[in-house]
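We will go through it stop by stop.

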Amino acid sequence: MRPSTSLAQGLPKVYGRALFKQDYPQGTLKVLLRFNGFPTDGVPQARAVHIHQYGDLSQGCESTGGHYNPWCTPPQPPWRLGNFEPQEGKINAMIESVATLFGGLSVIGRAVVVHEKLDDLGRGGDAGTCCMETQAGGSDVALLAFSSPRQWNMHQKQYNRELRRN
Ligand SMILES: [Cu+2]
């Protein structure tokens, strides 16, 4: 994860990793989010983390397109990874997702976006173009690519260590 190139001045720059693990096509997809660089002063702002359609980071959030939504009316859209509130400038979270790393609907090659604000779960209108709307003000982007199990194992250990500390 690195700051979007179209990030407005004065917005926090977020770094870190979004790691996805799914052992077989019907298996549960686990997502490990480890980000830092959020403001540590004031009330923490929850952030929406989404999967966007294109893994094109050339123009930051803008070139990642809308939300990756391969199904028309899913009960739980796979692009919505959730809202996360930073603690002491960090997000350290493990979730399960209905997205998949297998087959034609795989999210590999797409983008993970950390938005400046939280996702109001559709109450604010069509979130499909959130890069172009108010949430777009600040976002940080990452490309979903294959990696060896080393990354997952290392970050899972760090995740567990931080959980124990809090
Ligand atoms: Cu989004």
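The elements run β-β-β-β-β-β-β-β-α. That comes to 1 helix and 8 strands. Keep in mind that this is a predicted model.

Now look at the whole chain. It has 166 residues, and 46% of them count as buried. Take the contacts between residues at least 6 apart in sequence: 72% of these join residues at least 24 apart.

**Stop 1: the open sheet**

Select β2, β3 and β6. These 3 strands form an open sheet in the order β2-β3-β6, and the pairing is antiparallel. Which strands are at the edges? They are β2 and β6, each of which pairs on one side only. Turn the view and compare neighbouring strands. On average they are turned by 10 degrees against each other, direction ignored.

Zoom in on β3, residues 29-36. Its antiparallel pairing with β6 runs over 8 bridges. Show Arg-34 and look across to β6: Asn-92 stands opposite.

**Stop 2: an enclosed strand**

Select β4, residues 47-52. Why is this strand largely enclosed by the rest of the structure? Because 6 of its 6 residues are buried. Buried here means under 20% relative accessible area.

Show the side chains of β4. Arg-47, Val-49 and Ile-51 point one way. Ala-48, His-50 and His-52 point the other way. In a regular strand, side chains alternate between the two faces of the sheet.

Now find the partners of β4. Select β5, residues 80-84: 4 bridges join β5 to β4, and the two run antiparallel. Click on His-50, whose bridge partner in β5 is Arg-80. Then select β7, residues 111-115. β7 also pairs with β4 in the antiparallel sense, over 4 bridges. Click on His-52 and find Ala-111 opposite, in β7.

**Stop 3: the largest pocket**

The largest pocket holds about 580 Å³ of space. To find it, select Leu-19, Phe-20, Ala-145, Phe-146 and Ser-147. Of the 25 lining residues, these lie nearest the centre of the pocket.

Which elements supply at least two residues each to this lining? Colour β2 (15-21), β8 (139-143) and α1 (149-165) to see them. The largest share comes from β2, with 6 residues. Colour the lining by class and you get 17 nonpolar, 5 polar and 3 charged residues.

**Stop 4: the second largest pocket**

Move on to the second largest pocket, with a volume of about 210 Å³. Select its lining: Phe-84, Glu-85, Gln-87, Glu-88, Lys-90, Ile-91, Asn-92, Ala-93, Glu-162, Leu-163, Arg-165 and Asn-166. Two elements give two or more residues here, β6 (90-97) and α1. Which gives the most? It is β6, with 4 residues.

Colour this lining by class too. It divides into 4 nonpolar, 3 polar and 5 charged residues.

Key: Residues numbered from 1 in each chain as written. Predicted model: local features only at pLDDT ≥ 70, side-chain atom pairs only at ≥ 80, totals over all residues. Heavy atoms only, no water. 1 Å grid on protein atoms, 1.4 Å probe; cavity = no way out; pocket = protein on both sides within 12 Å on 5 of 7 lines; lining within 4 Å. Points joined across faces, edges and corners; volume = space filled by probe spheres on them. Nonpolar A, V, L, I, M, F, W, Y, C, P; charged D, E, K, R; others polar. Pairing = 2+ DSSP bridges. Axes fitted to C-alpha atoms, helices over the stretch in contact; angles between N-to-C directions. Buried < 20%, exposed > 50% of the residue type's maximum accessible area, 1.4 Å probe, protein only. Contact = heavy atoms within 4.5 Å.
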